[in-house]
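Please open the model in your viewer and get your selection tool ready. We will walk through it one stop at a time.

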Amino acid sequence: MPPPRAFLFDLDRTLVDLQSFTDYAAALRDLTALVGDQPGATVPDADWDAPTVSTMAILVALSDDPRWHEASAAVSVHERAAIPQSQPMPGLGDAVEACAGRPYAVVTLLPSDVARDVLDAHGFPVDVIIGRDPRIRAKPFGDGLVEAAERLGVPVTECVMIGDSSWDHAAAVDAGAGFIGVPVSATAFPSDVPVARHLVEAIERAP
Ligand SMILES: [Mg+2]
C-alpha cells in the first residue's frame with residue numbers, strides 16, 4: 001500500500017476519552033424509557049462496558065426509525081455532560097504535526113455537535129466530522145468513512161482509519177480503508193490487526 005493520503009480518526013478513546021466519563025447506564029435507561037424494549041442491531045463485540053454496547057447497538061437499530069432523533073438526543077445529554085471530565089488520549093497534542101500536512105477527518109458514533117465541542121475543549125482542530133446521523137449508516141458499517149473521504153477529496157482506499165475499537169476496524173474493512181488500532185485493552189483486537197501504542201505512533205506507522 002502506498003503512504004496514506006489522508007487519515008480518518010475515531011474520536012472516543014482514540015483522540016479524547018469521553019466514553020469513560022459518560023454515564024451510558026443512565027443513557028441506556030433514558031433510551032429504553034423512550035423507545036421501549038428495542039432490540040439492538042447485530043454488532044461486533046467491543047471492549048466497552050455492556051450499557052455502552054447496548055446503547056450504540058440500539059441507536060444503530062433505530063437508524064430508519066422516526067424516533068431516532070429523540071433517542072439520539074436522550075443519549076447525547078449524557079455524552080455532553082462528560083465533556084468537562086474528558087481526557088486527551090496520549091499523543092493528541094502532536095497528532096496534527098504527525099499528519100505532516102495530510103488531511104484528516106473524524107468519524108465518530110458521537111453526535112457531530114458533541115464531537116466538535118469535545119475536540120474544541122482539547123484544542124484539536126478539525127474541519128470534517130462525520131457524527132451520529134441517521135442518513136449515514138454508523139460504524140461498524142463503512143459508510144461514514146466513505147463520506148469523510150469524499151469530503152476530503154481522497155479515495156477511501158487511500159485513507160487509513162485509526163481507532164481503538166473493533167467497530168472502527170470493521171468499518172475500515174467495510175469501506176476498503178487501511179486500519180491501525182490504538183487499543184486501550186489487550187482484548188480490543190484479534191492478533192492479526194496492526195496496532196500502535198498511541199496516536200502518533202499509529203500515524204507514523206501508517207504505510
Ligand atoms: Mg472509540
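The tour goes from a sheet to a strand residue, then to a core, and ends at a helix.

Before you start, keep in mind that this is a predicted model.

**Stop 1: the sheet.** Select the strands in the order E5-E4-E1-E6-E7, and you have an open sheet of five strands with parallel pairing. At its edges are strand E5 (128-130) and strand E7 (178-181), each of which pairs on one side only. Look along the sheet: the twist averages 25° from one strand to the next.

Now zoom in on strand E1 (residues 6-9) and strand E6 (residues 159-163), a parallel pair joined over four bridges. To pick out one of these links, select Ala-6, whose bridge partner in E6 is Cys-159.

**Stop 2: Val-106.** Next, colour Val-106, which you will find in strand E4 (residues 104-107). Is Val-106 buried or exposed? Val-106 counts as buried because it has 25 C-beta neighbours inside 10 Å, and the cut-off for that is 20 or more. Show its contacts beyond four places in sequence: Phe-9, Leu-11, Ala-115, Val-126 and Ile-129. For a distance check, draw a line from Val-106 to Ala-148; the two are 42 residues apart in sequence, yet their C-alpha atoms are 7.7 Å apart.

**Stop 3: the core.** Which residues have the most contacts inside the largest nonpolar core? Select Leu-8, Leu-145, Cys-159, Met-161, Ile-162 and Ala-177; the core has 60 residues. Helix H6 (residues 143-152) gives the most to this core, with five residues.

Setting aside residues up to four places away in sequence, Leu-8 touches Ala-105, Val-107, Leu-145, Ala-148, Cys-159, Met-161 and Ala-177.

**Stop 4: helix H2.** Finally, select helix H2 (residues 50-61), which has 12 residues. From first C-alpha to last, H2 reaches 16 Å, close to the 16 Å expected at 1.5 Å a residue. Highlight its buried residues, Thr-52, Ser-54, Thr-55, Met-56, Ile-58, Leu-59 and Val-60. What covers these buried residues of H2? Bring up helix H1 (24-35) and helix H3 (68-81), which are included in the cover.

Note on methods
Residues numbered from 1 in each chain as written. Predicted model: local features only at pLDDT ≥ 70, side-chain atom pairs only at ≥ 80, totals over all residues. Core = buried A, V, L, I, M, F, W, Y, C linked by C-beta atoms within 7 Å. Buried ≥ 20, exposed ≤ 12 C-beta atoms within 10 Å, placed from the backbone. Helix = DSSP H or I, 4+ residues; strand = E, 2+ residues; numbered from the N terminus. Contact = placed C-beta atoms within 7 Å. Pairing = 2+ DSSP bridges. Axes fitted to C-alpha atoms, helices over the stretch in contact; angles between N-to-C directions. Expected span 1.5 Å × (residues − 1).
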